Amino acid sequence: MRVRVAITALGITAALLALPACSPETDGAGQQTTSSGRTGKPADAHREPATLTSAALAARLLTEADLGSGYLPKPQRAAQHDDVTVLGCPALSKLGGDAATGGTLAFPHKAMADFTYGGSSSEISEELYSDSPTKLSDGTNRIFDAMTGCPNYQVLAGSAPIDIATQKLSAPQDRGDEQWSQLLTFTAGGRSTVLKQTAIRDGSLLLVFSGSPVLVDRHLDRALAKATATP
C-alpha cells in the first residue's frame with residue numbers, strides 16, 4: 001500500500017511514502033525537534049513578475065538527461081481521496097484535512113515530476129508552481145506557520161495512521177527570494193522514512209524539491225538553475 005501525503009502538510013508537495021515496502025532509513029530519524037524553517041525576504045507587492053503557464057513550468061522540470069544515469073521517471077499517481085484527519089496539531093486541524101494531503105495550496109499553474117534512483121526506494125520529487133509572488137509567499141508561509149508548534153503530529157489517511165516529525169533545517173539563503181527547508185520523518189507500521197524538503201521562491205515561481213536527503217542536496221542547485229533560467 002502506498003500513501004500519498006503532502007510533506008509537512010504544505011499542501012504543495014507530493015511525498016510518496018511506500019510504508020510497508022520501504023526499508024527503514026535512519027539518517028536524521030532521531031532528530032525530531034522544531035518544525036520547518038523559512039528565510040529570505042517577503043514578497044514585494046509592488047513587484048509582480050509575470051506568472052508562468054503550466055506548460056512553461058513543465059519545460060523547466062528536470063529530466064532523466066539532467067539527473068544522469070540511474071534515475072527513472074515515475075508515472076504520476078492518481079489523486080487520493082481518503083478521508084484525512086490531523087491529530088496533535090490544532091493549527092493544522094483548523095486548515096482542514098486537505099492541508100495534509102496536498103489540497104490547500106492550489107496554485108493555478110503547476111508541473112511536477114517524480115524519479116526513483118538505482119532501483120531502490122530512494123526517490124526525489126520536483127514540483128514547480130507559479131502565481132503572484134505575494135500569493136506564493138503567503139500561501140506557503142501560512143502552512144509553515146501552522147506547523148511551528150507541531151514538531152510531532154499524526155495523520156490518519158483512511159485507516160492508515162502515519163506519525164510525522166519535523167526538524168528545522170538551514171535553508172540556502174543565497175538562492176531565490178525566500179527559502180524554506182526541513183527534514184521529515186514518517187513512521188508507520190514500525191518503519192520510518194526520512195525525507196528532506198527544500199522550497200525556494202524566485203519571483204513568481206516556487207520550486208519544491210523533496211526526497212532522499214542525499215539526492216535533494218545533490219540536485220537542488222541544478223533544479224533551481226533550470227527552473228529559473230531565462231528562455
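1. Cys89 is buried, and so is Cys150; buried here means under 20% relative accessible area, exposed over 50%, and partly exposed in between, with a 1.4 Å probe and protein chains only. These two cysteines form a disulfide, with their sulfur atoms 2.0 Å apart. The rule for a disulfide is a pair of cysteine sulfur atoms within 2.5 Å, and by this rule the count comes to one. The pair links distant parts of the chain, 61 residues apart: Cys89 lies in the loop between strand E5 (84–87) and helix H3 (90–95), and Cys150 in the loop between helix H4 (133–147) and strand E8 (152–157). The torsion about the S-S bond of Cys89 and Cys150 is about 90°, so the disulfide is right-handed.

2. On the source: this is a predicted model, in which local features need pLDDT of at least 70 and side-chain atom pairs count only at pLDDT 80 or more, while totals for chains, interfaces and linings use all residues. Residues are numbered from 1 along each chain as its sequence is written, and side-chain values use heavy atoms, with hydrogens and water left out.

3. The chain has five helices and twelve strands. Helices (H or I, at least four residues) and strands (E, at least two) are DSSP runs, numbered from the N terminus. Of the 231 residues, 51% count as buried. The chain exposes about 10,100 Å², and carbon and sulfur atoms supply 52% of this area; accessible areas come from the Shrake-Rupley method with a 1.4 Å probe, and for residues only the protein chains shown count as cover. Among contacts between residues at least 6 apart in sequence, 68% join residues at least 24 apart, where contact means heavy atoms within 4.5 Å.

4. Strand E12 is mostly covered, with seven of its seven residues buried. In a regular strand the side chains alternate between the two faces of the sheet. In E12 both faces are covered: Leu205, Leu207, Phe209 and Gly211 lie on one side, and Leu206, Val208 and Ser210 on the other. Ser210, in E12 (residues 205–211), counts as buried because its relative accessibility is 2%. The C-alpha atoms of Ser210 and Glu127 are separated by 8.6 Å, although the two are 83 residues apart along the chain.

5. Which strands pair with E12? Strand E7 (residues 123–130) pairs with E12 in the antiparallel sense over seven bridges, and strand E11 (residues 191–202) also pairs with E12 in the antiparallel sense over seven bridges. Two strands pair if DSSP finds at least two bridges between them. The bridge partner of Glu126 in E12 is Phe209, and Arg201 stands opposite Leu206 in E12. E11 and E12 form a hairpin with two residues between them, and Gly203 in the turn has a positive phi of about 65°.

6. The largest nonpolar core has 21 residues, and those with the most contacts inside it are Ile124, Leu128, Leu205, Leu207 and Phe209. Such a core is a set of buried Ala, Val, Leu, Ile, Met, Phe, Trp, Tyr and Cys residues joined through side-chain atoms within 4.5 Å. The elements that give two or more residues to this core are strand E6 (109–117), E7, E12 and helix H5 (213–228). H5 gives the most, with six residues. A second, separate core of 13 residues includes Leu92, Ala146, Tyr153 and Phe186.

7. What does the side chain of Glu178 contact? Its polar contacts include one of 2.8 Å with the side chain of Ser137 and one of 2.7 Å with the side chain of Arg201. A polar contact is a pair of N or O atoms within 3.5 Å; within protein, one must be able to donate a hydrogen and the other to accept it, and residues adjacent in sequence count only if both atoms are side-chain atoms. Glu178 is in strand E10 (residues 178–188), and at 0% relative accessibility Glu178 counts as buried.

8. Strand E8 has a covered face, Tyr153, Val155 and Ala157, and an uncovered one, Asn152, Gln154 and Leu156. E5 and E8 pair in the antiparallel sense over four bridges, with Val84 opposite Ala157 in E8. Six bridges join E8 to strand E9 (residues 160–168), and these two run antiparallel; Tyr153 stands opposite Ile164 in E9. E8 and E9 form a hairpin with two residues between them, and Gly158 in the turn has a positive phi of about 65°.
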